[in-house]
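Hi everyone, thanks for coming. Please take a look at the structure on the screen, and then I'll walk you through a few parts of it.

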Amino acid sequence: MGPRHQSAESRGADRSYVKMPSFLLLEALCLFLFAGVPPSLPLQEVHVSQETIGKISAASKMMWCSAAVDILFLIDGSHSVGKGSFERSKHFAITVCDALDINLRKVRVGAVQFSSAPRLEFPLDAFSTQQEVKAKIKGMVFKGGRTETGHALKYLLRKGFPGGRNASVPQVLVIVTDGRSQGHVALPAKQLKQRGVAVFAVGVRFPRWEELHTLASEPWEQHILMAEQVEDAANGLFSTLSGSAICTITSPECKVQPHPCQRKTLETVRELAGHAPCWRGSRGTDAMLAALCPFSSWKRVFLTHPATCHRTICPGPCDSQPCQNGGTCVPEGLDRYHCLCPPAFGGEADCAPKLSLECRVDVLFLLAGSAGTTPEGFLRAKAFVKRFAQAALGEDSRARIGVARYAAELALAVPVGEYQDVPDLVRSLDAVPFGGGGGATLTGSALRQAAERGFGSAARTGQDRPRRAVVLMTEARSQDEVAGPARFARARELLLLGVGSEAVRAELEEITGSPERVMVYTGPQDLFSQIPKLHGKLCSRQRPGCQAQSLDLVFMLDASASVGPENFAQMQSFVRSCALQFDVNPDVTQIGLVVYGGRVQTAFRLDTHLTRAAVLRAMSQAPYLGGAGSTGMALLHIYDKVMVVHKGARPGVPKAVVVVTGGSGAEDAAVPAQKLRDNGVSVLVVGVGPVLTEALRRLAGPRDSLIHVAAYEDLRHHQDMLMEWICQEAKRPVNPCRPSPCLNKGTCVLHDGSYRCECRAGGEGPHCERRTLRGDAPRIRGSSPEPAGEQQPSQLLPRRPGPPGR
C-alpha cells in the first residue's frame, strides 16, 4: 500500500488544482471586470503647456494640402475595435479631408474597411469634391468580425490603390486600427513600403503600439498617431506630409517642432493576491492533504512609453505681446485678441496711448522682397507697417505713408499720400505681394531710386515741404554698395531710418549714418515694440550739441570679466552713439579709446582715425579682454601714454576722459583720476549697476562728475546727459601747459596767452623734441605739435607747475 499510495499521491500532485473559496473567486472576477480604464482617457499625450496645445489645435484648422497625391484610408471595422471607436475613426478621416484639396487632378481619396475580409467602400476616382468624400465616409456601416489586417494589406498588394494613378503620384496609406491583428502583418507591410507607399498607423481604442510600429513607415515617431485626439492626429499627419514634400502647407509662419510625448498601452497583468486554504488529493484514494495555496488577480494597467511627437505650431495673436503697459492679452480664435488693461489705460487700444504723429512728415517704408528675404519676414514687415499706421495716423495727423518693395528693382506699391483713410491704407497694404523672393538684394539701388522717385506724387517745395523719411526694413545684407546711395539720399534731405535684425545692424548704421537711427529686433515679438521708437525718431530733431568745439576725448571701457561680452557690446553701442555727435577731424574733435580687463590696451590713439566713420568702425572692433580689471591702472595708462603730445594730444585743446564701468576694480582709481584732473583732464564716470559703490563715488571726485545707470541696456537713455557734460567741459578755460607739451624734461611756461618750452641740456625744438650735444637749449615759443619720438612716461610730467589755470 505504501509504494502504491506514494505513486498515486505523486501523480495527483502533477495534476494538482487550487480550490478557492467562493468569496475569493468573486473578488478576483470583480477585479478582472472592473479594473478597466475609461476609453476616453488619452493614450497619447504631448507634454507641452496648455497654450501650446491650443496652438496645435488651431494649426490643425489652418492646414491645407493641395498637391497631386493619392490618399487611401484603411479603416478597422472588427469587433475588437467596436462600433464606438469605428465612429471615431470615421471622424478622424473626415477631419483630415477638411484640409485636402480634393479633385481628380489634385488630391484623390478612397476608403477600404476591413475585418475578417477587406471591403472597398469607394475607390480613389469615385468622387471629385470634398463634400462627396466626407458624406461617403460618414455613411460607412460597421462590419464586425475578426481583425485580419494582414489580409487587407495583401489585398492592396494585389489590387493596388483602387482608382489610383499607379504610383505616378505619391501614395499615402492611412491605417486606422487597434493593432490587434489575428494574423501576420510584418511581411505585407514591408512589401507595401518597399513599393514607395507612405504608411501612417493611427491607433484607436487601446492600441498595441508594437504592431503600429510594424505597420508604419519610418521614422516611426512621425508616422504613428492616435485617432482619439483628432486635431492632434490631423496636425501630426500634415506635419509629416509637409516635411516629406508630399504636401506643402501654405502657412509660412507655421513651423514643425518636436515635442516630448508619452504613449500608453493597456495591458492585463497577473498579480499575487494572497494565499487561501486548499485541499490536494488524487483519484482512487481517500487521502486528502490540506495546504495554503497562492491565488492571483488580473488587473488592467497602463504601461507608458516615452516618445517624440512632431507637430506644427502657428503663432497666436498674442505672441507679439500687443498689450502694452502691463496689459494681459486674451486670444479670441486664430487671429483675434483683446487686452485686459490696467485702469490708467483701460480706454486705449492695446493699453497704449495713441501715438498720433503730430509732425508733418512723409514716410516711405522700403520693404526687402528679394531672394534673401523669407516669406515670414516679409509678412512681419507688412504687419509692422499696418500696426504703425493704425497707431500713428489719427484724425489730426499730418503724416502720410507709402510703401515700396524692392529686390533688383524698386516697385512703388502704395504711393506716399495716396490713402488718407487708415482702413483703406491697411487694405492696400494687405494687397502688397511678396513677389516670390526672387532677385538680388540691391539695397543701394533701391535707396537711390527711392530718393529720385519715391516721393514723386507727394513732393512739395520750399517751406511748404514736410520732412521726408525713408524707413528701410530688411533682414538681408545688400549685394551692392550702399554708402554712396545713402549719401545721395541724405543730400536730398531725406531722413534715413533702419529696422532689421542683428545680422544687418552694421549695414543699417552705415546707411542711416547713426546707430541712433537704427532699430534692431531680436525676434518677431520684439519687432512691434519698435513702433514707439520709430514714432519718436520720425518727429525728433537732432540737437546741434557741441560739434564745432575743439576737444580731445578718450573713452575708457571696462572690458573685464565682471562686465561680460554682451554688456561690453552695449558699451560699444553707447560710445558709438556719442561719437556720432562730434565732427571728427584733426582741427576739431579727436577721439581715442582705451579698454581694460586683465590688461590695459589702447584700442586706438587720439590721432589714429581722422574721420567719424573710421572712429565708428574702430569702436565696433574694440576687443573684449576679460580677466580682473583695475580702473586705477587704466587711468594711469591714459595719463602716461594717451593724453600726451607725442601720442596725439593737442596743446591748448580741452581734454576729457569718459570712464564706463560696472564698478568692479575701482577701489584704486580715486588717486589716478585726481592726478588726471590736476593735469587739466576732465574725468567723468558712467557707473553701471543697481547699486552705486562708494569706490565710484570717490572716483567721481569733488565735482561729483558721475552718471549712475541702473542697467547696461539703459545706457542709451543717458546719452543726452553725457553730451551735456562733455559740452560744458569743452567750454571751460584751458591751461595749455596741462598736460605739458614739452618733451625731454622740458618745462612749459605760459606766455602771452600761449606757451613756450624751456628745454634742458641736450634738447631743442618747439617742444624740446630733438636732442643735441650743446649745454644750453633755446627757449622757443610753443606752437602746434610736431611728430616726436617715444619717451618714457616719467619724462612727460612737468617739472614745475605753470601759472594758475585749468
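**Around helix α15**

Packing here means contact, that is, heavy atoms within 4.5 Å. Helices (H or I, at least four residues) and strands (E, at least two) are DSSP runs, numbered from the N terminus.

A word on the source: this is a predicted model, where local features need pLDDT of at least 70, side-chain atom pairs count only at pLDDT 80 or more, and totals for chains, interfaces and linings use all residues. Residues are numbered from 1 along each chain as its sequence is written, and side-chain values use heavy atoms, with hydrogens and water left out.

Just after the helix, G513 has a positive phi of about 85°.

Now for the sheet. Six strands form an open sheet with mixed pairing, in the order β20-β19-β18-β21-β22-β23; two strands pair if DSSP finds at least two bridges between them. β20 (600-604) and β23 (706-709) are at the edges with a single partner strand each, so one side of each has no neighbour in the sheet. Further in, β21 (655-661) and β22 (681-688) run parallel, joined by 7 bridges. In that pair, K655 sits opposite V681. Helix α18 (565-579) packs on this sheet, touching β18 (551-558), β19 (589-596) and β21.

Technical notes:
Axes fitted to C-alpha atoms, helices over the stretch in contact; angles between N-to-C directions.
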